[in-house]
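Biologist: I am new to reading structures. Could you walk me through one, please?

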Amino acid sequence: MKTSWRSASFVAGAVAVLALTTACGQEEGAQPASQNVGAAAPAGGYGVGSGGGYDTGTGGTAQEGQPVAAESAGKLAVATNAELGQVLTDSAGRTLYRFDQDTAEPPKTNCDGDCATAWPPVLADDASAGEGVDPALLGEVARPDGSKQLTVGGWPAYRYAKDVNPGDTNGQGVKGTWFALAPDGKKAKLADLPGLSTRNDPKLGEIVVDRNGMTVYRFMKDEAWPKPVSACTGACLEKWPAVEPVAANDTKGVQKKGLMSFTRPDGAKQQTVNCWPIYTFSGDKAPGDTNGQGVGGTWYAVAPDGKPIGAPKE
């Protein structure tokens, strides 16, 4: 059983602070814990087999892969995630999660059967509090099979079967009910991002994101010169919400030339990058999603210089 801990760190986006522009091409300027386990408490659970196909919701069927032998969580640790801020991990750096359909007062788990295969419960044997973790918040709750599950701030703790590597947070926001645990048992929240910044996407490279870490897109039917014009109106805006203006000192890593806002026909203000109107996508449910990329052959993620990533050359 491992007793050491480590934190998983993530690379943040570029950090140059930029200003808005006046016109295209012109620069402008604690919850109570359940039965306390203190410094003893293995958040054992399941590792990940060679297969995938686990249900990503609350109760589907695990089609492939089998859980391996239970393994202690050891000393819990606090990891810093570039998008989620501080998250709780086990001694191997694996992210721990909480489930909205559980309860903390009193502690109760509602994830069993196939759900518990996709989201292995963290057992309460031999877990301990590492640096940054309050031992008073660690507790345990009885599961239907009689085992004891670790709680943090009253919330039952889980791992996610699709998190393969230390630091993975693939379970964040799944079905709108699963969230990484913060050290105090609350939901891990986005770090304080600027209004616009960049992140490195493994498939698309460096892309622009909004203050919530959501991917920003361009619409190829829009215009930028001699002034920004949005061709997305009505029902289009319900699917592709316009990004609101950001303050001049509230951007990082985005080209400042053509970074401005304009007034839409309905009177609302919209942000641009290199004078091109920008949007988010309602189909993106969590930071890091890029489900809008290439939709209809007209929507593309935005590079720091405002160019559409992956769009056909005109």
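Modeller: Residues are numbered from 1 along each chain as its sequence is written, and side-chain values use heavy atoms, with hydrogens and water left out.

Biologist: What is the mean pLDDT of the protein chain?

Modeller: pLDDT is the predictor's confidence in each residue, from 0 to 100. For the protein chain the mean is 80, and 76% of its residues reach 70 or more. Over residues 1-22, though, pLDDT is below 50, and over residues 27-70 it stays under 50. Where pLDDT is low, the predicted coordinates should not be read in detail.

Biologist: Is Asn-212 buried, partly exposed or exposed?

Modeller: Buried means under 20% relative accessible area, exposed over 50%, and partly exposed in between (1.4 Å probe, protein chains only). Asn-212 has a relative accessible area of 41%, so it is partly exposed. In the protein chain, buried residues make up 49% of the 314 residues.

Biologist: Which residues lie nearest the centre of the second largest pocket?

Modeller: Rolling a probe the size of a water molecule over the atoms shows where empty space is left. A pocket is an open set of points on a 1 Å grid over the protein atoms alone, where a 1.4 Å probe fits, with protein on both sides within 12 Å along at least five of seven lines; lining residues have an atom within 4 Å of a point. Here, Arg-218, Met-220, Trp-276, Lys-307 and Pro-308 lie nearest the centre, out of 13 lining residues.

Note on methods:
Contact means heavy atoms within 4.5 Å.
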